[in-house]
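Work through the following exercises with the sequence and the model in view. Each task sentence is followed by a solution that goes step by step.

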Amino acid sequence: MKRFGLAALCGVIFGLGLISGGMTDPETIQSFLMPGRDWNPSLMVVLGGAVCVTFAGLRLQKRMVRPWYDARFHLPGKTRIDAHLVLGSILFGIGWGLIGLCPGPAIAAILFGGAKALLFLVSMGAGIALFHGVFSRDPG
Amino acid sequence: MVAPLLWRGISGHWPPLTIREPWFVVVPAGVLVGFGSQMACGCTSGHGVMGLARLSPRSLVAVGCFMTAAIATAICAHHMAGWWTRP
């Protein structure tokens, strides 16, 4: 229960960060991706700030033997740079560039994003399912 | 989902969110984002925030790839916007 509460709290903090940074509005994202007169560097500032805070958090994490409410830390173990990583990132980038929504903000926007944001979320789910359908026999 | 409610409660209005693209652009974009983030094992938060903070070379490559693809797509989409916003 404590574990669930902490996870929920982290989700709320992350969501508030995305909203106050303007990251839930696809227009902010698109104006970052479009270099020119109306270029908006918000995304770079929010992402850069988040990286700095996370970097500090990770220093703290390295001093801990185990997390508060779990037996061990779950850190990504893959180090290989392969075709899946590159191709997947490019496909992700095309979709992200088209609309300006990525998974975090799309989930945050469930209650206020309207029909199109929901349609995006459902399509995203379909894309995830499609990937697992296609690659279920061959875990990348 | 809780954060926007809190935001609404404190500020009195919902966060802004504008999607100008029609549904036939929204659907393939969503599918690409879902498929791509699964294939690359991460998205803007996973590789962009966590991966870069961990100084992971894998994430640096991922961020470079999706940023480049997104900027190229956004520029192309901008030039095509007149075509799909036309009634």
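The expected span of a helix is 1.5 Å times one less than its number of residues, and helices (H or I, at least four residues) and strands (E, at least two) are DSSP runs, numbered from the N terminus. This is a predicted model, in which local features need pLDDT of at least 70 and side-chain atom pairs count only at pLDDT 80 or more, while totals for chains, interfaces and linings use all residues. Residues are numbered from 1 along each chain as its sequence is written, and chains are lettered from A and ligands numbered from 1 in the order in which they are written.

**Exercise 1. Describe helix H4 of chain A by its span, its burial and what follows it.**

Begin with the span: H4(A) has 17 residues and reaches 25 Å from its first C-alpha to its last, which is close to the 24 Å expected. Next comes burial, where a residue is buried if 20 or more other C-beta atoms lie within 10 Å of its own, exposed if 12 or fewer, and partly exposed in between, with C-beta atoms placed from the backbone. By this count 13 of the 17 residues of H4(A) are buried, and the helix is mostly covered. Finally, the residue that follows H4(A) is A:Gly100, and its phi is positive, near 100°.

**Exercise 2. Work out which helix of chain A supplies the largest share of the side that touches chain B.**

Two residues are in contact if their C-beta atoms, placed from the backbone, lie within 7 Å. The contact between the chains takes 60 residues from chain A and 56 residues from chain B. On the chain A side, H1, H2, H3 (42-63), H4 (83-99), H5 (103-108) and H6 (114-135) each supply at least two residues. The largest share, 16 residues, comes from H4(A). To finish, sort the residues of this side into 38 nonpolar, 18 polar and four charged, where Ala, Val, Leu, Ile, Met, Phe, Trp, Tyr, Cys and Pro count as nonpolar, Asp, Glu, Lys and Arg as charged, and the others, Gly among them, as polar.

**Exercise 3. Decide whether chain B is a compact globule or more spread out.**

Chain B has four helices and zero strands, in the order α-α-α-α along the sequence. Its radius of gyration (taken over C-alpha atoms) is 17 Å, well over the 12 Å that the globule rule (2.2 Å times the number of residues to the power 0.38) gives for 87 residues, so chain B is more spread out than a compact globule. The C-alpha trace of chain B spans about 45 × 40 × 20 Å along its principal axes, and 47% of its 87 residues count as buried.
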